Amino acid sequence: MAKYWTTPAVEALRADGVRISELDTSATPGFTGDKAAGVESLAERTAVLSGLQEKLYANGRSGDKRSVLLVLQGMDTAGKGGIVRHVIGSVDPQGVDHAAFGVPTPEEKRHHYLWRIRKALPRGGQLGVFDRSHYEDVLVVRVHDLVPRSEWEPRYDEINAFEQELADEDTTVVKVAMFVSLDEQKRRLRERLERPDKYWKFNPSDIDERAYWPAYQEAYQAMLERTSTDVAPWYVIPADRKWFARLAITELLVEALETLDLDWPKAGFDIQEQLRRLEQA
Ligand code: ADP
């Protein structure tokens, strides 16, 4: 286990039994170090993640169809973008299949909600990342009554069946829900209004969404309770401390990749023969 962790991240951050309304979003479950230790640990574990991802990619190039999919959910300002930039940004971009899901386009609206998701699934050997996902269809859609209850209600079971399918196809799904407090969100939104380099992240509707916080909490709670399964469990990331969120998600990815027990792909040629040929060439 990595330094400063008392419990592996996959256990310490498991969503089972978590009440979001009572969550301490500044906590660092499972990790005993302070920020300096976290930053040091992050550097070490990022190198491990990068090595494992290279192995996954190498195996993919040799025909292995296994992949890993990181699903990122969280309210505005929770830090999803930072995870993509810093955690996913630390691995070889050739091996990353990234997709972000916003308001469905008119074409996407004509299809089943999983249509655009299926199209974006990682290929064999890839580390996929979903910045928002099919879960928006039981979050924003539920909170804003974008479709009637009779339509979103069956989606929990449907999503579980879909993720079972992914597992059957050798995609390891790592689902993380990131939470900041309402105060921390206000601080982050204010920063977006005070810094010219952050204006681009600001959306006036983010302020309106704050009024729906309790409804979102309820929707997130239902999502965790109904779609955290053995094949695709949810992890809850207290995200007021950015360094912890990054470390925790790095750790979850490392632990997921380690369970794949990856080795370098075997040579598909006779090494001695190729060395001889090379000498003569
Ligand atoms: P972000 O806010 O993550 O930077 P965007 O500006 O692209 O990214 O906005 C994403 C928006 O799209 C969010 O408000 C989200 O709730 C919304 N969205 C995502 N999926 C759906 C969906 N299936 N139905 C309705 N709205 C959605």
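Which residues form one aromatic cluster? Tyr4, Trp5, Phe31, Trp243 and Phe244 do so, in a model that is predicted.

**Aromatic rings**

- In the pair made by Phe179 and Tyr220, the ring centres are 5.2 Å apart and the planes stand at 75°, so the arrangement is edge-to-face, given that an angle over 60 degrees counts as such.
- Phe179 belongs to strand β4 (residues 171-179) and Tyr220 to helix α11 (residues 213-227), so the pair ties together parts that are 41 residues apart in sequence.
- Phe179 is buried, with a relative accessible area of 7%, and Tyr220 is buried as well, with a relative accessible area of 3%.
- Another ring, that of Tyr113, has the charged end of Arg155 sitting over it, at 4.4 Å from the ring centre.

**Helix α2 against helix α12**

- Two packed helices are described by the angle between their axes and the distance between the axes.
- For helix α2 (residues 35-61) and α12, the axes come within 9 Å and cross at roughly 35°, and the crossing in which α2 passes α12 is left-handed.
- On the α2 side, the residues that meet α12 are Lys35, Gly38, Val39, Ser41, Leu42, Arg45, Thr46, Val48, Leu49, Leu52, Gln53 and Leu56.
- On the α12 side, the residues that meet α2 are Trp243, Arg246, Leu247, Thr250, Glu251, Leu253, Val254, Leu257 and Glu258.
- Sorted by class, this contact of α2 with α12 has 11 nonpolar, five polar and five charged residues.
- Trp243, one of the α12 residues that meet α2, is also a member of the aromatic cluster with Tyr4, Trp5, Phe31 and Phe244.

**Thr250 within α12**

- Thr250 is found in helix α12 (residues 242-259), and at a relative accessibility of 1% Thr250 counts as buried, because the limit for that class is under 20%.
- Once its neighbours within four places in sequence are left aside, Thr250 is in contact with Leu42, Arg45, Thr46, Leu49 and Val87; among these, Leu42, Arg45, Thr46 and Leu49 are also listed for α2 where that helix meets α12.

- Tyr4, which is not a glycine, has a positive phi of about 75°; Tyr4 lies in the segment before α1 (9-12) and counts as partly exposed at 30% relative accessibility.
- Thr77 likewise has a positive phi, near 75°, in a residue other than glycine; Thr77 lies in the loop between β1 (67-74) and α3 (80-87) and counts as buried at 7% relative accessibility.

- His86 has its place in helix α3 and counts as partly exposed at 42% relative accessibility. From His86 to Arg246 the separation is 160 residues in sequence and 7.5 Å in space, taken C-alpha to C-alpha, and Arg246 is one of the α12 residues that meet α2.
- Asp168 has its place in helix α8 (residues 155-168) and is exposed, with a relative accessible area of 53%. The C-alpha atoms of Asp168 and Val231 are separated by 9.3 Å, with the two residues 63 residues apart along the chain.

Note on methods: Residues are numbered from 1 along each chain as its sequence is written. This is a predicted model: local features need pLDDT of at least 70, side-chain atom pairs count only at pLDDT 80 or more; totals for chains, interfaces and linings use all residues. Side-chain values use heavy atoms; hydrogens and water are left out. Rings of Phe, Tyr and Trp (its six-membered ring) pair if their centres lie within 6.5 Å; planes under 30 degrees apart count as stacked, over 60 as edge-to-face and the rest as tilted. Helices (H or I, at least four residues) and strands (E, at least two) are DSSP runs, numbered from the N terminus. Buried means under 20% relative accessible area, exposed over 50%, partly exposed in between (1.4 Å probe, protein chains only). A charge sits over a ring if NZ of Lys or CZ of Arg is within 6 Å of the ring centre and within 35 degrees of the ring normal. Contact means heavy atoms within 4.5 Å. Axes are lines fitted to C-alpha atoms, for helices over the stretch in contact, and angles run from 0 to 180 degrees between N-to-C directions. A crossing is left-handed if the near helix is turned anticlockwise from the far one by less than a right angle, and right-handed if clockwise. Ala, Val, Leu, Ile, Met, Phe, Trp, Tyr, Cys and Pro count as nonpolar, Asp, Glu, Lys and Arg as charged, and the others, Gly among them, as polar.
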